[in-house]
Amino acid sequence: MERLTQAVLGGAVAVALAACSQHHAFVPYNGYKMAPYTLGGKRFVPMGIDAALQYDQCGVASHYEADGDRGAIGQRLYRDQMYAAHRTLPLPCVVRITNLANGRSAVARVADRGPFIPGRLIDVSSLVAKRLGFHGKGLENVRVQVLSVGDGPYRRTAQDTTPQ
C-alpha cells in the first residue's frame, strides 16, 4: 500500500510540474490589425501588408516581460513565448531578429505595440533576448526582417509578393 501511495503521489507531482511548465501556444488571429492609433498625443499609422513584407531595418532592440498580459491584438503573452512589439508593423506578423554584435538570430511573433521610447526599433520578450544573447545588457543593435504577415488564410509571405 505504501508503494502505491508513493507512486500515486509521485505521479501527481509530475503532472503538477508539467502543468506549471506548459508551453502557451499563440491563438490564430483572424485578419490584420492595421488601424492607426494615438498614444501620448502621438499618432502612429501602421504600414500596409506589401510594405511590411519588404521590411528590413536595423536599430536598437530592448526586452520586456508581459507575462499573462494581453498584447495589442488581445492575445495573452507569456514568458515561454517568442514575441515582440513594434510600433507600425501590421499585427500579427513574424520577424527574424538578428543580433548584429554576435550574429545570433531568432524568429518571433509581433503581437503587441511598442516600444514607445525614442530611438528603439523593437521590443522583444525576455526569451527572445536570451536567445539573442543580450538579456543581461538590456539593449542591443539588431536587424529586423519580416518573414510573414497574418495567420491561417490571411497569412502572406514575401514570396507571395515576388513578381513572376
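User: How many helices and strands does the chain have?
Analyst: This is a predicted model, in which local features need pLDDT of at least 70, side-chain atom pairs count only at pLDDT 80 or more, and totals for chains, interfaces and linings use all residues. Residues are numbered from 1 along each chain as its sequence is written, and side-chain values use heavy atoms, leaving out hydrogens and water. Helices (H or I, at least four residues) and strands (E, at least two) are DSSP runs, numbered from the N terminus. The chain has three helices and eleven strands.

User: What average pLDDT does the chain have?
Analyst: pLDDT is the predictor's confidence in each residue, from 0 to 100. Of the residues, 84% score at least 70. The chain average is 86.

User: Which residue of β10 stands opposite G59?
Analyst: Two strands pair if DSSP finds at least two bridges between them. Strand β3 (residues 56-64) pairs with strand β10 (residues 139-149) over seven bridges, in the antiparallel sense. Within β10, the residue opposite G59 is V142.

User: How many bridges join β7 to β10?
Analyst: Strand β7 (residues 93-99) runs antiparallel to β10. V95 stands opposite V146 in β10, and R96 has Q145 as its bridge partner there. The number of bridges between β7 and β10 is seven.

User: In β8, what is the bridge partner of V95?
Analyst: β7 also pairs with β8, antiparallel, through six bridges. The two strands form a hairpin with five residues between them, and G103 in the turn has a positive phi of about 80 degrees. On the β8 side, the bridge partner of V95 is A108.

User: How many of the seven residues of β7 are buried?
Analyst: Buried means under 20% relative accessible area, exposed over 50%, partly exposed in between (1.4 Å probe, protein chains only). β7 is mostly covered. Its buried residues number five.

User: How many residues make up the largest nonpolar core?
Analyst: A nonpolar core is a set of buried Ala, Val, Leu, Ile, Met, Phe, Trp, Tyr and Cys residues joined through side-chain atoms within 4.5 Å. Among the residues with the most contacts inside the largest core are V95, I97 and V144. Elements that each supply at least two residues include α2 (49-53), β7, β9 (120-125) and β10. V95 touches L89, I122 and V144, among others, and the core as a whole has 34 residues.

User: Which residue of β11 stands opposite V149?
Analyst: β10 and strand β11 (residues 156-157) run antiparallel, joined by two bridges. They form a hairpin with six residues between them, and G150 in the turn has a positive phi of about 85 degrees. Across from V149 stands R156.

User: Is T157 buried or exposed?
Analyst: T157 lies in strand β11. Beyond its neighbours within four places in sequence, T157 is in contact with L53, L147 and S148. Because its relative accessible area is 12%, T157 counts as buried.

User: How far apart in space are T157 and D50?
Analyst: In sequence, these two are 107 residues apart. From C-alpha to C-alpha, the distance is 9.4 Å.

User: Which residue forms a stacked pair with Y37?
Analyst: Rings of Phe, Tyr and Trp (its six-membered ring) pair if their centres lie within 6.5 Å; planes under 30 degrees apart count as stacked, over 60 as edge-to-face and the rest as tilted. The whole structure holds five aromatic pairs. In one of them, with centres 5.1 Å apart and planes at 20 degrees, Y37 is stacked on F44.

User: Is F116 buried, exposed or partly exposed?
Analyst: F116 forms one aromatic cluster with Y37 and F44. Y37 is buried, because its relative accessible area is 18%. At 38% relative accessibility, F116 counts as partly exposed.

Conventions: Contact = heavy atoms within 4.5 Å.
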